[in-house]
Amino acid sequence: MCGIVGYLGKKNTKQILLDGLKELEYRGYDSAGIAVLQNGNFSNYKAVGKLINLEEKTKDFITEGFAIGIGHTRWATHGKPTELNAHPHLGEFSYVVHNGIIENYAELKKELQSSGVTFLSQTDTEVIVHLFEKNQKNSTNSLEAFARTIKELHGAYAILLVTKSESDTIFFAKHGSPMLVGINGEDEKYFASSDTPLIGHCQNVNYFEDGDYGYVTPKTVAIYDKNGVKKEAKFTSLSQNKLSAQKEGYRFFMEKEIYEQSVVISDTLMGRLSDKEIIFDELDATLFDGINEIKLCACGTSYHAAMSASYLFERYSKIRTSLEIASEFRYREPIMSKDTLFVVISQSGETADTLETLKMAKAAGLKTLVICNVDNSSMVRLADATILTRAGIEKGVASTKAFATQVTVFWMLSLYIAKLKNSLGESQLAKHISLLREIPSHVKVKDDMHERIKRLSKRYLHGHGFFFIGRDIFYPLALEGALKLKEISYMHAEGYPAGEMKHGPIALADPELFTIALLPKHLHYEKTKSNVEELSARDSTICAISQIPFDKADDFIEISPCSDYMLEFFEMMTVVQLLSLEISIRLGNDVDMPRNLAKSVTVE
Ligand code: M6R
């Protein structure tokens, strides 16, 4: 995800910006850049890929004495990860960096273009700098021009802007994206989009509130609220612990990543939805020519996302879909035919077993597609086509937001294929697209829900095992819930199709067998309910998750009202993730680094 840094002072500005960007690397990015104004001259450097490329480009650039500078790491959303699209963006005599989304950028861009402005990038950000320069022409000072610019922007942003005529000033604005400013006694000001770049540089920081904008100079921090009323900065002391700063107040990265799901899913959807269709600029529609079957292949959580996709592809795209566990597929001498699209799914893009199956499919002449979170990973380099999930770096070994974005991509892909194959009517397609837009609000963690799960978790610290049960697409979610729990709690958990329990596993039912029942209102509710009742009658302890109260349950976790089973899927996904997290925390386990597990399994 994007990161912002800024510096005003007499120290080595270039180094402070580069070091600050390094501290934000863990968030993930695909290009980076800096702009420095010194002695009346701007210097600007950008590079695609890792920061080392930017360091290489700036190795002969020296900053000495007073300067102002801004820097950015970009995770591509509007426009590809190219140098032109990397920040900072230049107008005629100003530079801007921005995190977030300018929702009305297309209208603003059109207006600016019609008044003769030329755009160099495909980003939404570039409108900010051109709008500022336009406003500067009709304003009495730069602050007024900046305030007018901010007023015209709709969406979420954290912005830093520097302009040639104000060589000792950095302008800032914050709305919906985090940003803070730090000071120390040497007339220096530091900006960043999270704490870590400021640690070691300043003790006191002010966290901007939504609607804040203003400017800093060596002697001033001037903050205005959204109504233009001047307000006092509220400086607080900055914790000097980097690891805990990266966790941004959460107890574990896994918890932070669960809370991030709403934002990252918005990123996954961004630019890919129109009212009538799904847009995957990265796919050539001919990829599906001559394809009669899709084969999905993956490991672990990614395999569960693939299984979810198999339900969506057959239901909406009306295409035959098969599913493979990569470690099995590679040794079972599978038959591969060229009318099959081979799709691998991997958060890391490096999992050895999955990578091997991709090589096998390529060698057999199949068309290949990878759904991946890491650009430039081995699988992305090898596959014919890629869809990036845009979850940002996932640090917790137990995958959460990566899974959420994988399923989001698959839902979109099922509709994309449905459109190509004419298997869904226009109104159905439009309905799904509007449901997709609702996912971010359904995965937002509500305080009361989290509190309830925290309280409930104390009843589930013993017992001889857990069954997560569900039907249809809630079966892969049950598998995923069980995997999450066993990975971080070390308790035995299994995912099972609800209808299969009576074919054997129900023999285990007793009060020490915990059943986590996924009961969606909009998909096979009555059937699943009967299966849960069978377990309840045999005295299994039941924790039901549903939007419909269920009186046979010992515990009930109520999700928000949802108009479709897929939204129930995302609500329940968040619940099972939080339940595992809270059980594991109560057991005193290291949630982020569970025993015996690695984040990326690059060996067989
Ligand atoms: O990077 P990948 O998605 O290919 O990784 C696959 C599995 O190793 C991974 O999903 C694993 O199961 C996670 N620990 C699940 O939380």
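## Cysteines

Cys202 is buried, because its relative accessible area is 2% and the cut-off for buried is under 20%. This is a predicted model, and the values here are computed from it.

Cys297 is also a buried residue, with a relative accessibility of 0%. For Cys297, the closest cysteine sulfur belongs to Cys299. The two sulfurs are 7.1 Å apart, so they are too far from each other for a bond. A disulfide needs sulfur atoms within 2.5 Å. Across the whole structure, the search for disulfides returns 0.

## Around the ligand

Which residues come nearest to the ligand? There are 15 residues around the ligand, and the nearest are Ser302, Ser346, Gln347, Thr351 and Glu487. Sorted by class, this shell holds 8 polar, 5 nonpolar and 2 charged residues.

Two domains each supply at least three residues to the shell: domain 2 (250–443) and domain 3 (445–604).

Thr351 uses its side chain. An N or O atom there sits 2.5 Å from an oxygen atom of the ligand. Glu487 places a polar side-chain atom 2.5 Å from a ligand nitrogen atom. With Thr301, the backbone takes part: one of its N or O atoms is 3.1 Å from a ligand oxygen.

How much of the ligand's accessible area does the protein cover? On its own, the ligand has 410 Å² of accessible area, and the protein covers 90% of that. Two elements give two or more residues to the shell: α9 (300–317) and α16 (474–489).

Thr528 lies in helix α17, which spans residues 525–537. Is Thr528 buried or exposed? Thr528 is buried, because its relative accessible area is 1%, under the 20% cut-off.

Thr236 belongs to strand β15, residues 236–237. Thr236 counts as partly exposed, because its relative accessibility is 38%, and that class lies between 20% and 50%.

Where does Thr236 sit relative to Ile70? In sequence, Thr236 and Ile70 are 166 residues apart. In space, their C-alpha atoms are 23 Å apart.

Note on methods: Residues numbered from 1 in each chain as written. Predicted model: local features only at pLDDT ≥ 70, side-chain atom pairs only at ≥ 80, totals over all residues. Heavy atoms only, no water. Near = heavy atom within 4 Å. Polar contact = N/O pair within 3.5 Å; in protein donor to acceptor, adjacent residues only side chain to side chain. Areas by Shrake-Rupley, 256 points an atom, 1.4 Å probe, with all protein chains shown as cover. Helix = DSSP H or I, 4+ residues; strand = E, 2+ residues; numbered from the N terminus. Nonpolar A, V, L, I, M, F, W, Y, C, P; charged D, E, K, R; others polar. Domains from an automatic or database assignment. Buried < 20%, exposed > 50% of the residue type's maximum accessible area, 1.4 Å probe, protein only.
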